[in-house]
Amino acid sequence: MTSGMTNILRSMRSAWPVSDESVEKLCGYFTPCSFPRRHRLIEADRRCPLAYFVERGLTRSYWMVNGEEITTSFSHEGGIVFSMDELYYDLPSQEYVETMERIDAFSISLRDLRDLFATDHDIANWGRVIHQNEYRRLHQSHKERLTLPARERYEAFRQQFPEVCRRANLSYIASYLGINPSTLSRLRKSVF
C-alpha cells in the first residue's frame, strides 16, 4: 500500500522515525482519493469525519470573517489536513479547507486515526510531534503578525514556505500575512 506515498512517508519520517510496521498499520486504513482544484475538503459548521494525507497538491485553510476569507494555513505534499475541532473536541470545524490545485491524497477516518494514536506508540509520537510543530508555527506566525513590519513578515514566510510562495495566489498569501495584496505585490517586486 505504500507505493505512491513517497511524499507522505518522507514527511512522516522526517518528523518521527515511524516503523515500517506502524506505517503498514496506518496504510491499512487509507483510501486513495483525488480532488479537483477549488474543491472544499472541509466546510465550517459541518462535520468532516476524515483526515487527508496529501501526496500531491496544495490546500489552504481559511475562516470567513464578515464575508471575507482570512487564510490561516497552507498544506502541500506530505501534509495532513483535518478539522482539529472534530478530531479533539467532537465539534464541527470552524474553518474551511479548499484545494488550490488538484490533489492526490489518502483519507482515513478520524475515529481510526484516534484509535491509532491510542494504540500505536510510533503513530502517537508522530502525531504529537506534528502537533507540536504546528503549534510552534501558529505561535510564531501570531508573534510575527503582531511585531514585524510587512516586509519582514513576507521574508519570514518566504523562508518557511518557499513552495507556497511559488504556487499560491498572491491574495491568499497577503491574507495569511495580514497585509493587503497591493502591498505584498510591491514587496515581491522589490525582493525579486
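This is a predicted model: local features need pLDDT of at least 70, side-chain atom pairs count only at pLDDT 80 or more; totals for chains, interfaces and linings use all residues.

Modeller: Residues are numbered from 1 along each chain as its sequence is written, and side-chain values use heavy atoms, with hydrogens and water left out.

The residue in E6 that stands opposite Phe53 is Ile80. Strand E3 (residues 50–56) and E6 run antiparallel and are joined by 2 bridges. (Strands, E, of at least two residues, and helices, H or I, of at least four, are DSSP runs numbered from the N terminus; two strands pair if DSSP finds at least two bridges between them.)

E3 and E6 belong to an open sheet of 4 strands in the order E1-E8-E3-E6, paired antiparallel. Strand E1 (31–35) and E6 are its edge strands, each pairing on one side only. Helix H1 packs on this sheet and touches E3 and strand E8 (103–109), with its direction at about 110 degrees to that of E3. (Contact means heavy atoms within 4.5 Å; axes are lines fitted to C-alpha atoms, for helices over the stretch in contact, and angles run from 0 to 180 degrees between N-to-C directions.) H4 lies across E3, E6 and E8, and runs at about 70 degrees to E8.

H4 (residues 110–119) also packs against H5 at an angle of about 110 degrees, and their axes are 6 Å apart. H4 and H5 are therefore roughly perpendicular to each other (the term covers 65 to 115 degrees). Leu116, Phe117 and Thr119 of H4 meet His121, Ile123, Ala124, Trp126 and Gly127 of H5. The residues of this contact are 5 nonpolar, 3 polar and no charged. (Ala, Val, Leu, Ile, Met, Phe, Trp, Tyr, Cys and Pro count as nonpolar, Asp, Glu, Lys and Arg as charged, and the others, Gly among them, as polar.)

Ile80 leads on to the largest pocket. This pocket holds about 1,400 Å³ of space. Its lining has 46 residues, and those closest to the centre are Ser73, Phe74, Ile80, Glu134 and Arg137. (On a 1 Å grid over the protein atoms alone, a pocket is an open set of points where a 1.4 Å probe fits, with protein on both sides within 12 Å along at least five of seven lines; lining residues have an atom within 4 Å of a point. Points are joined across faces, edges and corners, and the volume is the space filled by probe spheres set on them.) Among the elements that each supply at least two lining residues are H1 (6–15), E5 (68–75), E6 (80–81) and H5 (121–147). H5 gives the most, with 13 residues. By class, the lining has 17 nonpolar, 20 polar and 9 charged residues.

E5 lies in another open sheet of 4 strands, in the order E2-E7-E4-E5, again with antiparallel pairing. E2 (40–42) and E5 stand at its edges with a single partner strand each, so one side of each has no neighbour in the sheet. E4 and E5 are joined by 7 bridges, and Thr59 has Ser75 in E5 as its bridge partner. Helix H8 (residues 170–177) lies across E4, E5 and strand E7 (96–99), at about 95 degrees to E5.

Key: Angles under 35 degrees count as roughly parallel, over 145 as roughly antiparallel, 65 to 115 as roughly perpendicular and the rest as oblique.
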